[in-house]
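Good morning, and thank you for coming. Please look at the structure on the screen while I describe its parts in turn.

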2 protein chains.
Amino acid sequence: MTIANANETAVDRMLRGDPQLVDVIPAKEAVDGLGDRLILHAGPPLDWADMCGPMRGAVTGIAVFEGWAENLEQAEEAASKGFFEFAPNHDFDCVGPMTGMTTISQPLMVVENKAFGNRAYCAINEGLGKVMRFGGNDEEVRDRLKWIRDVLGPALGRAIRAADGIPLKSLVGRGLTMGDEMHQRNVACSGLILRELAPHLARTTDNPGDLADILAFIGGNDQFFLNVAMAMGKAIMDPVRNIDKSTVVTAMARNGTDFGIRVSGTGDRWFTAPVEMPEGLYFPGYSEKDANPDMGDSTIIETIGLGGFAMAASPAVAGFVGAGPASEALNFTRTMAEITVSENPEWAIPAMDYQGVPTGIDIRRVVETGLAPTINTGIAHKEPGVGQVGAGVVRAPLKCFEQALFAFAEKIGVA
Amino acid sequence: MTIANANETAVDRMLRGDPQLVDVIPAKEAVDGLGDRLILHAGPPLDWADMCGPMRGAVTGIAVFEGWAENLEQAEEAASKGFFEFAPNHDFDCVGPMTGMTTISQPLMVVENKAFGNRAYCAINEGLGKVMRFGGNDEEVRDRLKWIRDVLGPALGRAIRAADGIPLKSLVGRGLTMGDEMHQRNVACSGLILRELAPHLARTTDNPGDLADILAFIGGNDQFFLNVAMAMGKAIMDPVRNIDKSTVVTAMARNGTDFGIRVSGTGDRWFTAPVEMPEGLYFPGYSEKDANPDMGDSTIIETIGLGGFAMAASPAVAGFVGAGPASEALNFTRTMAEITVSENPEWAIPAMDYQGVPTGIDIRRVVETGLAPTINTGIAHKEPGVGQVGAGVVRAPLKCFEQALFAFAEKIGVA
């Protein structure tokens, strides 16, 4: 088996993936080994001592939400004394945006890759602004999580089951013709999935007030689909792991402190480097000095050829993330095609005459060209409790790819 | 007042328009003078003897629906004996797609131009395929119209009133960033309006089965928004009529036999020419020889700078209507900018770095350049009762513009 063959196998598995949103269930039912006081977070492994402000904010907030502490101060005290156990989402078939908190009582969306039988999980998107994924943790944030747990999650689960699942590949294909890149712009796919689910929600939600609230909540959140897309990304990439001699990236993730990647041929080992600061646009009243470095498992979106890789499909996002003139959005996609193995014919970009999105990041090409993956990202305030302050573009640190290539070379015996 | 000043006034009124969807009410309440046996149709005036196949199909179908005939044969007999009165939608503040039937018991969507106080009306879109606007007229088609009259129309009216109206200008602006051009592609705006209305539908629809049916009907119809956009177009253009010395087109419409235009400076006079055949793509099993010539009031969409004029916003529609490579969609918009007075900064196209859509068709420029307005259109089968067979691009006949310019010159005393 040559490296080229191995990478062909990797991309073939990516393209054969058939992700479907099949359910919403409580995390404790979904995730083996998830128990009291275990907090899953975004990115590579991380201890309390190394956590950035918003990550600490989210940890203390989720601890209060779960009833493991009475208030944020107590939670912080408990965390610093080692009362909680921390682990990456990726180790438990999960992903989470930004801080990426996953704990036992949260409802998780279940995406099953029908071609391979594996499942991946992600919590439900909380909306924009002051939310836990950006480090928000006050009562308003926690009350929203309770409503998601008690009302929205169960209702979504009933509707998705009544719909007999929602195939995601074609829905994302459609979203690409409607200006979404599925990372910082999900307005089309959020609408498309709402219109699929709405009749089922109506048939399976008894309380008309709850139904109206649910329809308003989903309809009012342009990023609702982000978390679905992330679980989809994880479900597509997990079967690509552990292909001997493949140099294709299977995960990229950040914990607010470090950026980490995993590569198919080197298994579940993380190659990490200090995470970079996004360059972007800030909401009124905020600037670069408020920003936390890059964070979240949402880079799984770029790993499957969307987000920054699909910028050409989404000229409107270029303005939102401060990536230059909309007319130059195509250049981002063209550049990412230089570091990928193939393209995805089912995820085609109309403005590029239906060229498929760049698919299968090859660490060799990244190191050779010096072109790091382009990531469209949200920007969190660096202090706990504040929330989102902007959106921007960030590059994955080249050092991760260099380390990975060195380890890969050692493993196949050429270093 | 010079022609340039007059046209500036015309475009200023277009840009100041503030169209909002404010209600759905039965046509007999909405439209003054609408009574028994009066059938409003698309395009300029037309007698039964001159009607094309699908127009005749729709007339006989709507007559049975209204109870003016027991069956299609009887309706045809009655029509040929002059039992029905025919008039253009445009004469009654209405517009209708393709055949454009408007009669007393149909529910009409009401768009009010808040800046000028005028209202315009359009029936609710029936969905795709075998439908009355494409000449479908059998029991299935008529039963759908009954459900629209008895269930959907009243429910939509309640929801829109509960929402206190839906502002359309910003919604359309958003749709342009999501690949809609609002004539042959309305998938984004249909989703955006559904998500606005869904919570209100849930709060105001008592019967859960009806609610689920309504959500599924709207969610399953990518062209639901077309009829809203048409009423919006009429509401925007009506205040632009009768500006002395203005050469701006206030309406374009086709009845399947003739294409007609109206010009601000020449009032409500129609300038007509035989309608052309669309060039386009056909659904499987159909070809050009099945096609009816171009039809419908939907060209009001191009009159306000959308549809074929906004092709650059919608590379995906270029393929659907057979207009060439998606990457060349920008050229259509650039060309239409040559025959328009201005552009609309609130309806901006991301891929053109937020240039506004070409606004205010100037008959002088059309005649000087020989560039006829580009129209994205559906294609009906030429026989009554069949329905849609394709979609394509058609040019407005230059002869209408030449006639209009001649009449205009006579009126201002230069011919």
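Into which domains is chain A divided? Domain 1 of chain A covers 3–232 and domain 2 of chain A covers 241–412; such bounds come from an automatic or database domain assignment. Before I go on, please note that this is a predicted model, in which local features need pLDDT of at least 70 and side-chain atom pairs count only at pLDDT 80 or more, while totals for chains, interfaces and linings use all residues. Residues are numbered from 1 along each chain as its sequence is written, and chains are lettered from A and ligands numbered from 1 in the order in which they are written.

The centres of the two domains of chain A, taken over C-alpha atoms, are 20 Å apart. To the contact between them, domain 1 of chain A gives 53 residues and domain 2 of chain A gives 62 residues; two residues are in contact if their C-beta atoms, placed from the backbone, lie within 7 Å. On the side of domain 1 that touches domain 2 in chain A, helix 1 (3–16) provides the largest share, eight residues. Other helices of chain A that each supply at least two residues there include helix 3 (53–65) and helix 9 (224–237).

Let us turn to chain A as a whole. Its secondary structure comes to 14 helices and 16 strands; these are DSSP runs, numbered from the N terminus, with helices (H or I) of at least four residues and strands (E) of at least two. Of the 415 residues in chain A, 63% are buried, meaning that 20 or more other C-beta atoms, placed from the backbone, lie within 10 Å of the residue's own.

Next, a sheet in chain B. Four strands form an open sheet there, in the order 10-9-8-12, with antiparallel pairing; two strands pair if DSSP finds at least two bridges between them. Strand 10 (271–274) and strand 12 (295–296) of chain B each have a single partner strand, so one side of each has no neighbour in the sheet. Strand 8 (residues 249–255) of chain B pairs with strand 12 of chain B over two bridges, and Asn255(B) has Met295(B) as its bridge partner in strand 12.

Note on methods. A residue is buried if 20 or more other C-beta atoms lie within 10 Å of its own, exposed if 12 or fewer, and partly exposed in between; C-beta atoms are placed from the backbone.
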